[in-house]
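Here is a short briefing on one protein model. The points below cover the sheet, the helices on it and the aromatic rings.

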Amino acid sequence: MTIKLPEAIEAYFDADRDGSPDAVAAAFTENGSVKDKGKSHTGRDAIRKWMADESQQYSYTVEPFHIALEHGKTLVTAHAVGTFPGSPIDLRFLFVLAGDKVAELEITA
């Protein structure tokens, strides 16, 4: 199923699919933040490091299949398959956007 994602969110998933920590970081505002596995990563340098660490640890694919608004935030549900514990799993990506960039992202199961 193909869904239409806002440009900033599409840029994030495209960069993640390409495995580019620099491109993932570029999808965020300068002071953007990611919360994943209970840890926060704030600023493009921290986001770049987080993504580099994730891509070195695990091989995975993420396929968004649902989008909705939740309390003013954009919720994208995606099917993730890879070499990580618990695979496959549907993950929730909760985005706050600022123009054409991601300001905040929280990833939960």
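In strand 6, V102 is the residue opposite L97. That contact sits in a predicted model.

- The 6 strands form an open sheet in the order 2-1-6-5-4-3, with mixed pairing.
- Strand 2 (39-42) and strand 3 (60-70) are the edges; each has a single partner strand, so one side of each lacks a neighbour in the sheet.
- On average, neighbouring strands are turned by 20 degrees against each other, direction ignored.

**Helices on the sheet**
- Helix 1 (residues 7-18) lies across strands 1 (28-36), 3, 4 (73-82), 5 and 6. Its direction is at about 130 degrees to strand 5.
- Helix 3 (residues 44-57) lies across strands 1, 2, 3 and 6. It runs at about 45 degrees to strand 1.

**Aromatic pairs**
- The structure has 8 aromatic pairs.
- One of them is Y12 with F95, edge-to-face, at 5.7 Å centre to centre and 70 degrees between the planes.
- Y12 belongs to helix 1 and F95 to strand 5, 83 residues apart. Both residues are buried.
- F13 and F93 also pair edge-to-face, with 5.1 Å between centres and 70 degrees between planes.
- F13 is in helix 1 and F93 in strand 5, so this pair ties together parts 80 residues apart in sequence. F13 and F93 are buried.
- Ring pairs join Y12, F13, F28, F93 and F95 into a cluster.

Key. Residues are numbered from 1 along each chain as its sequence is written. This is a predicted model: local features need pLDDT of at least 70, side-chain atom pairs count only at pLDDT 80 or more; totals for chains, interfaces and linings use all residues. Side-chain values use heavy atoms; hydrogens and water are left out. Two strands pair if DSSP finds at least two bridges between them. Helices (H or I, at least four residues) and strands (E, at least two) are DSSP runs, numbered from the N terminus. Axes are lines fitted to C-alpha atoms, for helices over the stretch in contact, and angles run from 0 to 180 degrees between N-to-C directions. Contact means heavy atoms within 4.5 Å. Rings of Phe, Tyr and Trp (its six-membered ring) pair if their centres lie within 6.5 Å; planes under 30 degrees apart count as stacked, over 60 as edge-to-face and the rest as tilted. Buried means under 20% relative accessible area, exposed over 50%, partly exposed in between (1.4 Å probe, protein chains only).
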